Amino acid sequence: MWNTLIVYPFTNALLWIYGIIGNNFGLAIILFTILIRALTYPLTASQMKQTAAMQEMQKSKQWQEMQKKYKDDKERLAQEQMKLYKELGVNPFGSCLPTLIQFPIIIGLYQSIVRAMASTPLQMLDLTRAIYPFMNVSDIIPLNSKFLWMDLGAPESLTIFGIAIPFLAIVVAATTWVQSKLTMPPPATNNPGDPSAQMGQSMTLMMPLMLGWFTYISPAGLGLYFLAGNVVSVIQYAMMGKVDWKNLLPKQAAQPKKK
Amino acid sequence: MKVKPVVFFLVLAAGLLLGGCATSLPTNSWPGLTAAGSTAYLASGQHVYAINLNTHAEVWRFPEEAQNGTLFFNTPVLTEDGQLIIGSSGTDHNLYSIDAATSDENWVFSGASKPWMGPVLATPEAIYAPNSNGTLYALDPATGAELWNFTATDALWGQPATDGERIFIGSLDHFIYALDVRSGRLLWKTELEGAIAGGPVAGPDGLIYVVSFSNTVKALSAVTGSVQWTAETEAWVWSSPVLRENVLYFGDLNGTLYALDASDGSQVWEPQQPNGPVVGRPLVTDGAVIFAGEDGKVVAINFDGKSIWPNEFDGKIYTTPVVAGDYILIAPMNAEFSLVALTSNGAQAWTVPLLK
């Protein structure tokens with residue numbers, strides 16, 4: 001089921017793109033990323049809508065009063081907040097769901113890249129099973145795994161002065177952090193108990209570390225997907241006017257002036 | 001800072017799925033099997049095992065203790081002077097010569113940069129060893145010293161073949177290469193329409209036979225490399241053909257079995273499809289050709305194309321069956337047995353439990 005729904009379509013899409021762009025697997029991964037982002041655009045739009053709704057709610061008088069009234073009773077505060085979420089139809093996790101939905105895509109892509117690269121006999125057998133009958137790929141198998149300085153089928157490192165540096169992993173971690181900061185709206189409240197703010201902070205720290213680590217241990221093709229995804233995401237948000245460049249600055253400088 | 005359980009578990013799950021896949025040394029091919037006299041040699045996982053065919057017991061294993069980075073998943077090859085040659089499919093990239101009687105290490109060749117996926121060709125003059133870095137190494141059989149090497153543009157997974165004057169090797173780069181047997185000098189190369197994963201076969205009539213991932217089998221002139229005939233198949237072909245009395249026997253990745261006239265590629269009998277994908281070379285016995293497939297089926301077909309017997313076993317069979325005395329040995333993968341011995345009528349005679 002997993003293979004049929006995720007891995008096989010991904011693998012064939014990668015092979016198809018690879019074939020039509022002149023046998024460049026790196027470019028195929030980048031174009032595939034753009035395709036995935038386009039397909040998941042409704043989720044992204046929904047995320048923004050939820051975020052905006054959440055912020056509106058958090059600015060409301062009702063919310064502010066609730067914070068003051070139950071500031072010493074966290075449990076009650078949480079209950080009241082949940083009530084308000086329900087009343088206004090706001091999903092407190094709505095802004096995170098699109099990110100979480102990326103996980104099966106990432107895992108499916110990882111498996112597809114490894115399968116498409118087919119660097120071992122068993123992987124080649126797996127690949128032959130994944131190829132749709134109407135795909136004529138005899139002339140492109142095995143794929144050319146070289147892209148820039150990288151072997152996309154193996155973990156990447158760049159040797160500078162005799163030292164192997166995981167350059168791609170560092171770039172992926174850095175761009176993930178930048179992307180998170182740019183696209184994450186500032187919390188509407190400073191309430192440390194606010195679940196969405198809490199989750200946002202967690203993700204901003206954890207995602208760069210996690211994706212950097214995955215890139216370090218996985219075939220470079222996956223890191224390229226992460227990198228392309230980060231860049232595409234920032235461009236997508238920028239085109240919709242949702243990028244907040246001030247978030248890259250230190251926190252105090254980014255805070256609004258007091259009236 | 002608190003982390004929501006849902007995020008934590010998703011991160012953990014993704015980490016295990018991705019990290020686990022990338023850091024362990026995974027099975028990357030299937031067992032290799034050969035037999036001589038009363039001993040079978042099985043390359044499976046972190047060891048090569050010698051198994052006594054009379055007692056069905058393990059005689060030795062090499063190495064005695066599993067080593068990090070060492071994996072054995074291709075066919076061990078016996079030389080005339082009793083060496084067992086096998087390369088590691090793991091990350092150590094070593095090619096070993098083992099004393100087949102004692103498991104003592106004769107020599108190790110460490111000059112390759114990638115795993116060994118294909119069996120060597122052993123002649124009294126040299127060991128011809130294909131590596132997945134695309135290089136064919138010719139080594140001194142006595143010492144393992146490198147005599148010459150030739151590098152193709154992609155991995156070499158199939159066993160080389162020779163007609164005595166030339167070495168033929170197919171590559172995943174779609175080319176079949178002919179090299180001078182003494183110097184390794186390139187004599188000719190011919191591009192096929194697909195990757196070549198199975199080894200070529202050199203015929204006695206100046207032709208070599210090559211299978212590829214292009215739904216074809218081709219006969220090429222051993223002297224010039226020009227294509228003499230092409231026969232279509234239903235699917236990609238990985239299984240190296242076996243040549244017997246001017247007939248080529250092989251299976252494809254759809255599980256279709258073929259018998260072609262080696263002179264012109266015409267069908268000797270109608271293609272048959274009793275199996276899952278066939279990867280291993282068929283086995284020719286006195287009265288039949290034995291094919292083994294991924295779905296665990298083993299079938300014997302006589303030389304007229306009539307099925308003599310089928311049998312089905314637990315696990316997937318990619319390994320070429322071998323004859324050992326009165327038995328046919330198969331080495332299934334993902335099965336409860338490491339080795340299964342069949343009688344000449346296909347009945348299961350005895351088994352060797354999973355070796356660990």
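Trainee: In which loop of chain B is the place of B:Asn215?
Mentor: This is a predicted model. Strand β18 covers residues 207–211 and β19 covers 216–221. B:Asn215 has its place in the loop between β18 and β19 of chain B.

Trainee: Is B:Asn215 buried, exposed or partly exposed?
Mentor: Its phi is near 60 degrees, a positive value in a residue other than glycine. Burial takes 20 or more other C-beta atoms within 10 Å, and exposure takes 12 or fewer. B:Asn215 has 19 C-beta neighbours inside 10 Å, so the residue counts as partly exposed.

Trainee: What is the phi of A:Asn23 near?
Mentor: A:Asn23 sits in the loop between α1 (2–20) and α2 (25–39) of chain A. The residue is partly exposed because 13 other C-beta atoms lie within 10 Å. Its phi is positive, though the residue is not glycine. The value is near 60 degrees.

Trainee: How are α2(A) and α10(A) set to each other?
Mentor: Helix α10 spans residues 220–239 of chain A. The two axes are 9 Å apart, and the packing angle is about 45 degrees. Angles under 35 degrees would count as roughly parallel, and 65 to 115 as roughly perpendicular. The helices are therefore oblique.

Trainee: What is the hand of the crossing of α2(A) and α10(A), and which residues make the contact?
Mentor: The crossing is right-handed. From α2(A), the contact draws on A:Phe25, A:Gly26, A:Ile29, A:Ile30, A:Thr33, A:Ile34 and A:Arg37. From α10(A), the residues are A:Gly221, A:Leu224, A:Tyr225, A:Ala228, A:Gly229, A:Val232 and A:Gln236.

Trainee: Which peptide bond at A:Pro142 is cis?
Mentor: A:Pro142 lies in the loop between α7 (121–130) and β1 (146–147) of chain A. Omega is near 0 degrees. The cis bond runs from A:Ile141 to A:Pro142.

Trainee: What is omega near for the bond from B:Phe62 to B:Pro63?
Mentor: B:Pro63 lies in the loop between β4 (58–62) and β5 (77–78) of chain B. The peptide bond from B:Phe62 is cis. Its omega is near -10 degrees.

Trainee: Which residue of β10(B) stands opposite B:Leu121?
Mentor: Strands β9-β10-β11-β12 of chain B form an open antiparallel sheet in that order. Its edges are β9 (121–122) and β12 (146–151). Two bridges pair β9(B) with β10 (127–130). Opposite B:Leu121 stands B:Tyr128.

Trainee: Over which residues of chain B is pLDDT under 50?
Mentor: Chain B averages 92, and 93% of its residues score at least 70. Residues 1–6 fall below 50, with seven contacts beyond near neighbours in sequence. The other such stretch given here has four contacts beyond four places in sequence. The stretches are 1–6 and 19–24.

Trainee: What ipTM does the predictor give the complex?
Mentor: The predictor scores the complex in two ways. The pTM is 0.83. The ipTM is 0.89.

Key:
Residues numbered from 1 in each chain as written. Chains lettered and ligands numbered in written order. Predicted model: local features only at pLDDT ≥ 70, side-chain atom pairs only at ≥ 80, totals over all residues. pLDDT = per-residue confidence, 0-100. Contact = placed C-beta atoms within 7 Å. Helix = DSSP H or I, 4+ residues; strand = E, 2+ residues; numbered from the N terminus. Pairing = 2+ DSSP bridges. Axes fitted to C-alpha atoms, helices over the stretch in contact; angles between N-to-C directions. Parallel < 35°, antiparallel > 145°, perpendicular 65-115°, else oblique. Left-handed = near helix turned anticlockwise from the far one by under 90°.
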